[in-house]
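The sequence and structure are shown below.

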Amino acid sequence: NIFTTNKNFDPKVPWVADPADPKGEEKALKVRTALNLAVNREAIIKYILKGEGIANPSPYFFPGDPWIDSKWTYAYDPEEAKKLLAEAGYAKGFEVTMRLVAMPGRPEAPAIGQAVAMDWEKIGIKVKQVPQEYVVFRPDAANRNLAGAAVAIGLAASDEPYSGFMITEWSKGATNFGVESTVLDKLLEEASKEIDYNKRVELNRQIGQLNYDSRWTVPI
């Protein structure tokens with residue numbers, strides 16, 4: 001359900017499913033899972049955020065939200081991450097550029113990105129770190145020109161998850177920092193039109209479950 005028609009779509013990116021490979025999505029999911037398992041979130045919270053934080057299961061979802069599921073957790077397991085990379089065909093890892101995006105009000109994002117880069121390097125991924133101001137980064141996000149790049153960025157809070165995802169993960173949005181999916185689009189558009197709060201709670205929960213199952217992001 002991932003868009004492949006964008007002129008910048010690159011099937012060679014390790015975490016993207018190659019439509020020409022029957023096992024493309026299986027391999028890509030293993031890579032995305034490995035990227036999540038490799039990150040020591042508790043260490044980031046302890047040493048960078050000085051203990052002032054709680055691990056998030058998905059962008060725009062926060063502990064205590066009515067649409068959150070306590071089962072959405074990410075273990076820290078670098079050995080399993082290495083195993084999954086090998087199964088996906090990347091036993092020797094791969095190279096990735098990480099954009100460390102500085103934004104007003106969220107100065108800790110580049111430091112967190114550096115910590116994630118160090119964790120990824122421990123499982124064999126070679127990370128080139130590129131500090132960027134948001135005004136430099138945004139045009140590439142608007143033009144969908146981020147293929148093959150990891151982005152360390154602090155996202156603003158939103159009233160409900162769907163409204164945040166429509167800013168950063170919607171195919172029709174002004175910018176995109178991560179994924180464009182036909183299934184996600186449908187859920188976002190349904191939630192944006194739904195006036196019944198309880199139904200929106202369920203739609204938000206489905207959005208979170210889809211993101212968690214697909215490992216589209218590496219939430220901190």
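With which residue does Glu25 form a salt bridge? The partner is Arg32, and the closest N and O atoms of the pair are 2.8 Å apart. The model is a predicted one.

## The Glu25–Arg32 pair

Glu25 is partly exposed, its relative accessible area being 38%. Arg32, by contrast, has a relative accessible area of 7% and counts as buried, because the cut-off for burial is under 20%.

## Other salt bridges

In total, the structure contains 13 salt bridges. Side chains of opposite charge can pair when their charged atoms come close. One of these bridges joins Arg144 to Glu180, with an N to O distance of 2.6 Å. This pair links distant parts of the chain, its members lying 36 residues apart. Arg144 belongs to the loop between helix 5 (134-142) and strand 3 (149-152), whereas Glu180 belongs to the loop between helix 6 and helix 7. Arg144 and Glu180 are both buried.

A further bridge, between the side chains of Lys186 and Glu190, has an N to O distance of 2.5 Å. Both residues are part of helix 7 and are separated by four residues, about one turn of the helix. An α-helix has 3.6 residues a turn, so residues three or four places apart point the same way. Lys186 is exposed at 53% relative accessibility, while Glu190 is partly exposed at 33%. Elsewhere, a network of salt bridges links Glu26, Lys30, Lys83 and Glu87.

## Helix 8: span and ends

Helix 8 comprises 18 residues, 197-214. From its first C-alpha to its last it reaches 26 Å, close to the 26 Å expected at 1.5 Å a residue.

At the start of helix 8, the backbone nitrogen of Asn198 is approached to within 3.0 Å by a side-chain oxygen of Asp196. Just after the helix, Arg215 adopts a positive phi of about 55°.

How values were computed: Residues numbered from 1 in each chain as written. Predicted model: local features only at pLDDT ≥ 70, side-chain atom pairs only at ≥ 80, totals over all residues. Heavy atoms only, no water. Helix = DSSP H or I, 4+ residues; strand = E, 2+ residues; numbered from the N terminus. Expected span 1.5 Å × (residues − 1). Polar contact = N/O pair within 3.5 Å; in protein donor to acceptor, adjacent residues only side chain to side chain. Salt bridge = Lys/Arg side-chain N within 4 Å of Asp/Glu carboxyl O. Buried < 20%, exposed > 50% of the residue type's maximum accessible area, 1.4 Å probe, protein only.
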